[in-house]
Amino acid sequence: MRVSDLNIDRVYINSLSRSPSYNMAENHFHHYYECFYVRQGSCRFFVNDSLCDLEARDMLIIPPGTVHFNKYLTNSVRINIYFKDEDLHRNGEPYFPELDNRLLRLVKIHVPSAYKEITEQSIDNMLAEEKMDDENTPVMMELLLKQFLLNLSRYGIFHYDQMTEPAGTSDSDKDILKAAKYISENYNEHITLSSLAQMVGLTPSYFSRKFTQVTGTGMKEYLSYMRLDAAANQLRSTTHNITEIAMDCGFSDSNYFKDAFKKMYGVSPRTYRNERGHTDNILENSLKKHGLA
């Protein structure tokens with residue numbers, strides 16, 4: 001599993017053409033938001049243990065830390081916009097109402113044909129500014145991002161928690177989704193490739209190949225990610241010591257856990273806890289100020 005760039009220093013956008021023959025190396029996640037817009041064509045995402053098809057004028061907003069993998073079903077043109085919380089908040093305050101609840105979460109958004117022009121004009125403005133890339137670009141990109149998201153909020157059709165299986169999903173794909181969901185719900189238990197293969201009625205060798213094909217990563221790597229993600233949540237939200245957290249999240253060796261955690265997050269569990277604790281205190285104070293905590 002790949003961590004795509006530990007951080008970004010401003011809003012970024014790019015546009016690429018892809019064909020069905022393009023193979024993403026493996027699934028990955030970011031430490032920032034990704035807005036994936038299909039300008040032309042179609043693709044299929046694996047995200048949150050589910051498959052989701054995107055057609056032209058569909059968009060997926062992918063929050064930080066969300067594992068995702070996609071395949072292109074037809075010749076496609078896709079837009080990626082990358083941004084951080086800080087680009088849309090100041091002192092804990094969102095730039096427009098309902099920003100956090102409506103947009104800063106995993107959501108599929110469809111742009112009706114009547115609003116295609118205004119949406120894609122915002123995208124073209126951002127692409128032009130990306131090419132400009134001068135000392136004013138960070139501020140301009142932040143402003144253009146806000147305009148783009150405001151237009152989405154006004155005109156888009158939002159689909160929350162509706163990652164339903166696309167039509168024609170094969171039985172073997174459904175078996176893999178079942179296994180991925182089992183991992184996400186039981187990561188702290190003893191799980192092996194053989195036990196999962198037996199659970200869904202596949203041979204271990206076929207299950208292993210199929211799991212990688214559907215999710216973009218190996219079963220063991222996916223299990224490790226789920227455990228490390230749960231550990232990161234505990235480091236932020238509990239006072240349990242690091243060994244306790246490692247054991248609680250399914251690791252039998254705390255030293256192995258520390259090495260795996262640093263490989264994925266770039267810092268040790270202790271450093272991560274100290275750095276994120278400061279950030280979470282700021283967030284908690286902001287929530288209390290607004291009566292939300």
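**Close-up views of the predicted model**

**Figure 1. Confidence along the chain of the predicted model.** The protein as a whole has a mean pLDDT of 88, with 90% of its residues at 70 or more.

**Figure 2. Crossing of helices α7 and α9.** Helix α7 spans residues 219–237 and helix α9 residues 254–265; their axes come within 11 Å of each other and cross at roughly 90°. Helix α7 is therefore roughly perpendicular to helix α9. On the α7 side, the contact is made by Y225, L228, D229, A231, A232 and L235. Helix α9 contributes F257, A260, F261, M264 and Y265. Of the residues in this contact, ten are nonpolar, one is charged and none is polar.

**Figure 3. Salt bridge between R39 and D124.** The two side chains meet with an N to O distance of 2.9 Å. R39 belongs to strand β4 (residues 33–40) and D124 to helix α2 (residues 116–132), and the pair links distant parts of the chain, 85 residues apart. R39 has a relative accessible area of 23% and is partly exposed. D124, with a relative accessibility of 31%, also counts as partly exposed. Both residues take part in a network of salt bridges that also includes K116 and E120.

**Figure 4. Salt bridge between E142 and R90.** The closest N and O atoms of this pair are 3.1 Å apart. E142 is located in helix α3 (residues 137–155) and R90 in strand β10 (residues 89–90); the two are separated by 52 residues, and their pairing links distant parts of the chain. E142 counts as buried because its relative accessibility is 14%, under the 20% cut-off. R90, in contrast, is partly exposed, with a relative accessible area of 39%.

**Figure 5. Salt bridge between D173 and K210.** In this pair the closest N and O atoms lie 3.0 Å apart.

Conventions. Residues numbered from 1 in each chain as written. Predicted model: local features only at pLDDT ≥ 70, side-chain atom pairs only at ≥ 80, totals over all residues. Heavy atoms only, no water. Axes fitted to C-alpha atoms, helices over the stretch in contact; angles between N-to-C directions. Helix = DSSP H or I, 4+ residues; strand = E, 2+ residues; numbered from the N terminus. Parallel < 35°, antiparallel > 145°, perpendicular 65-115°, else oblique. Contact = heavy atoms within 4.5 Å. Nonpolar A, V, L, I, M, F, W, Y, C, P; charged D, E, K, R; others polar. pLDDT = per-residue confidence, 0-100. Salt bridge = Lys/Arg side-chain N within 4 Å of Asp/Glu carboxyl O. Buried < 20%, exposed > 50% of the residue type's maximum accessible area, 1.4 Å probe, protein only.
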